[in-house]
Amino acid sequence: MPEGDTVWQVARRLHAALAGRVLTRADLRVPRFATADLTGRAVLDVTPRGKHLLTRIDGGLTLHSHLRMDGAWRVYATGQRPRGGPEHQIRAVLGNEEHTAYGYRLPVLELLRTAEEARVVGHLGPDLLGPDWDPEDAARRLLADPSRPLGEALLDQRNLAGIGNVYKSELAFLAAVSPWLPVGELAPDVPARLVATAHRLLEANKDRPDRRTTTTRRPGTPLHVYGREGRPCLRCGTAVRKAELGERVTYWCPGCQRGPVGDSTDPRPPRN
């Protein structure tokens, strides 16, 4: 599932291609909204909210989409053949005289009144890349359930909006604690450092083509632990390990990160 910085980049590309221009083509290929006619309306802006995309359209309308695991938006010059996948995977087309955006494999696509956006994003916590970022509120939310494993608390978008599986593993490593450690057992200064680090990393990576959480420039080492199972930890040399936490793969260094290791027993799924 894309992280908040990836969604921010998608929103920026869509905004550059669509905002301030009148739609000459609009095709929503989901049964509920297939008859909606948006042509002749101007796109006002494309705004990311955590992992959600809000395309606001003249007339008080918002097209809400979410990429989840497989979704993607691709932008092409109008008239150019799209290459994001088979035609039957296209769920949305938004075009003007210069650019056309194609939404592929979008599991969430709905048209709603802009005034009703809270219905789809109102549950989210502070947005790590948004104007509402509030580190104190984020830390408070993170600690709301003391028994919850850190990895699950980080993934829950009701706590911090924008963290995905990559940042979950990387943040736990940088805090030197196990992703399975209950948040109530974190040292008093760790929650504030965690949310500050999360904000700093997403801000740094939102303008980069390739995500990086390390400071080393050695080839093949942009991340500390994610995707590095069996390879030596960049800090202590211990082999990085991989396991399931809930339904998500988790990477960690048993040499650097203190705390328990095991499957989560909390049945609550993360909120997207």
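Ground rules first: I am looking at a predicted model, where local features need pLDDT of at least 70, side-chain atom pairs count only at pLDDT 80 or more, and totals for chains, interfaces and linings use all residues. Residues are numbered from 1 along each chain as its sequence is written, and side-chain values use heavy atoms, with hydrogens and water left out.

Entry one, overall build. I found six helices and 10 strands in the chain; these are DSSP runs, with helices being H or I of at least four residues and strands being E of at least two, numbered from the N terminus. The C-alpha trace spans about 60 × 40 × 30 Å along its principal axes.

Entry two, burial and contacts. I looked up how much is buried (under 20% relative accessible area, 1.4 Å probe, protein chains only), and 51% of the 272 residues count. Taking contact as heavy atoms within 4.5 Å, I noted that among contacts between residues at least 6 apart in sequence, 61% join residues at least 24 apart.

Residues 4-18 make up H1, which has 15 residues and reaches 21 Å from first C-alpha to last, close to the 21 Å expected at 1.5 Å a residue. That expected span is 1.5 Å times one less than the number of residues. Which residues of H1 are buried? My list includes Trp-8, Val-10, Leu-14 and Leu-18, and also Asp-5 and Gln-9. After H1 comes Gly-20, with a positive phi near 80°.

Definitions and conventions
Buried means under 20% relative accessible area, exposed over 50%, partly exposed in between (1.4 Å probe, protein chains only).
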